[in-house]
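Please look over the sequence and the model before reading on.

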Amino acid sequence: MAERIVVTSLGIVSALGNGADANLQALLSGTPGLHYPRHLQSVHAPEFLMGEVAHSNDDLCTLLGLPTGNNGYTRTTLLALVAMQEVMKGIDKQLLQDEGFACINANTVGGMCAVEDLYPDFISDVQEGDFLKYIDTLDCAESTQNIVNYFGIKPFTATISTACSSSANAIILGARLIQHGIVKRAICGGCDALSRFTLNGFHSLKNVDKQPCRPFDNTRFGLNLGEAAGYLLLETEKSAKERGAEILAVLSGYGNTNDAYHPTAPSPNGDGAYNTMQLALHKAGLQPQDIDYINAHGTATINNDAAEGKAIERLFENNIPLFSSTKPFTGHTLAAAGSIEAIFSIWGLQQQKAWGNLHFTTKMEELAITPVVQTQDAQLHHVLSNSFGFGGNNVSLIFSKA
């Protein structure tokens, strides 16, 4: 990368709490956010642990100064707005309109959380009612439009939907727009809310665990779903210094590949993951031995963990860095996963910590390597964060110490 791209602000809401402080403290204390859902109305709610955000929709509206009740905002949008609110602290609002500015938002199922509740009204002969406010919310770009309207962001906006790598791809797009001089700054990230559609879909694939998920464990059975929103402000190092902004980390490399193997399963040998990590290293001008910690995709599904683990062994050979999955903390938050785990990776650099892979007990038969079991002190200079989506859409991001 010719000019360094840096991260100068971030915002997050997840099952670990609202805001950076709550989420970081949960990571440091090793406290997961999984519980049986209280807000998702599903017959399966008493069966599956999930990373559900504690706030109700009305609570989120109150935090945002919006009217409660059926106001036309979906839970997906509300989560996004709350996380964006934190990013905006300390940013001159004039920057959002007067300079080249981008908002790249990622999402997978749009406002399905509201649409599935109102579906009977949609197909009825009723011609009026509150449900009319939600007709257009199923589109993934609905949350993007609400973000730019709420905060008055005018220049460049885009929505990305590449399954579980969506917000990691949003970060790549934002970085590339800055590098090519199209914009000066970009807020990048993603959001997703729990829905019956998502739960039933993953349940039909037989890869949702009723117990706390166990990434890279021989007894792993599947993932725990979650919901979250996370955003990062990217800009050049020069522009950050010009406005006196604190530099949290450097986005030193990235890679995106597609292994085109199967609609939902990764290449068994981890070819896609291997190529993506290798490409990110090349972008960053680093060697495998330079990576000190990997925040792995680690969904605790049978195929993913085996493929990712094999790719790590193949790329890093005898210099396996510390690695773990943080999904036992938050659940798998789909489109938001890449951005919240990018934030966790940045915190790892700042705190000099490798996060623990909760619930790990037994080494996988397919692998010779094992993850970090408990959060530990570590000398971290470069952290690699993996996000792999359905259809073989793979992303690796490298963050370096500021």
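By about how much of the helix are lysine 241 and glutamate 237 separated in helix H9 (residues 237–242)? Being four residues apart in that helix, lysine 241 and glutamate 237 are separated by about one helical turn.

## Basis of the report

The structure is a predicted model, in which local features need pLDDT of at least 70 and side-chain atom pairs count only at pLDDT 80 or more, while totals for chains, interfaces and linings use all residues. Residues are numbered from 1 along each chain as its sequence is written, and side-chain values use heavy atoms, with hydrogens and water left out.

## Overall form

The protein chain contains 13 helices and 13 strands; helices (H or I, at least four residues) and strands (E, at least two) are DSSP runs, numbered from the N terminus. The C-alpha trace spans about 65 × 50 × 40 Å along its principal axes. For 402 residues, a compact globule would have a radius of gyration near 21 Å, and the 20 Å of the protein chain agrees with this. That radius is taken over C-alpha atoms, and the globule rule is 2.2 Å times the number of residues to the power 0.38.

Of the 402 residues, 61% count as buried. Buried means under 20% relative accessible area, exposed means over 50%, and partly exposed lies in between (1.4 Å probe, protein chains only). Among contacts (heavy atoms within 4.5 Å) between residues at least 6 apart in sequence, 77% join residues at least 24 apart.

## Salt bridges

A salt bridge is a side-chain nitrogen of Lys or Arg within 4 Å of a carboxyl oxygen of Asp or Glu, and the count by this rule comes to 11. One of them joins lysine 241 to glutamate 237, with the closest N and O atoms 3.6 Å apart. Lysine 241 is exposed at 57% relative accessible area, whereas glutamate 237 counts as buried at 18%. Both residues belong to a network of salt bridges that links Arg4, Glu237 and Lys241.

Lysine 327 and glutamate 341 meet in a salt bridge of 2.9 Å, N to O. Lysine 327 lies in helix H12 (residues 327–330) and glutamate 341 in helix H13 (residues 337–351), so this pair ties together parts that are 14 residues apart in sequence. Lysine 327 is buried at 1% relative accessibility, and glutamate 341 is buried at 1%. A further salt bridge joins arginine 243 and glutamate 235, with 2.6 Å between the closest N and O atoms. Here arginine 243 is partly exposed at 29%, while glutamate 235 is buried at 0%.

## A buried aspartate

Aspartate 192 is found in strand E5 (residues 185–192). Aspartate 192 is buried yet has no salt bridge, and the nearest side chain of opposite charge, arginine 75, is 11 Å away. For charge, Lys and Arg count as positive and Asp and Glu as negative; His and the chain ends are not counted.

The side chain of aspartate 192 makes polar contacts with the side chains of asparagine 107, at 3.1 Å, and threonine 108, at 2.6 Å. A polar contact is a pair of N or O atoms within 3.5 Å; within protein, one must be able to donate a hydrogen and the other to accept it, and residues adjacent in sequence count only if both atoms are side-chain atoms.

## Positive phi values

Lysine 206, a residue other than glycine, has a positive phi near 60 degrees. Lysine 206 sits in the loop between helix H8 (196–204) and strand E6 (228–236). Glutamate 317 also is not a glycine and has a positive phi of about 45 degrees.
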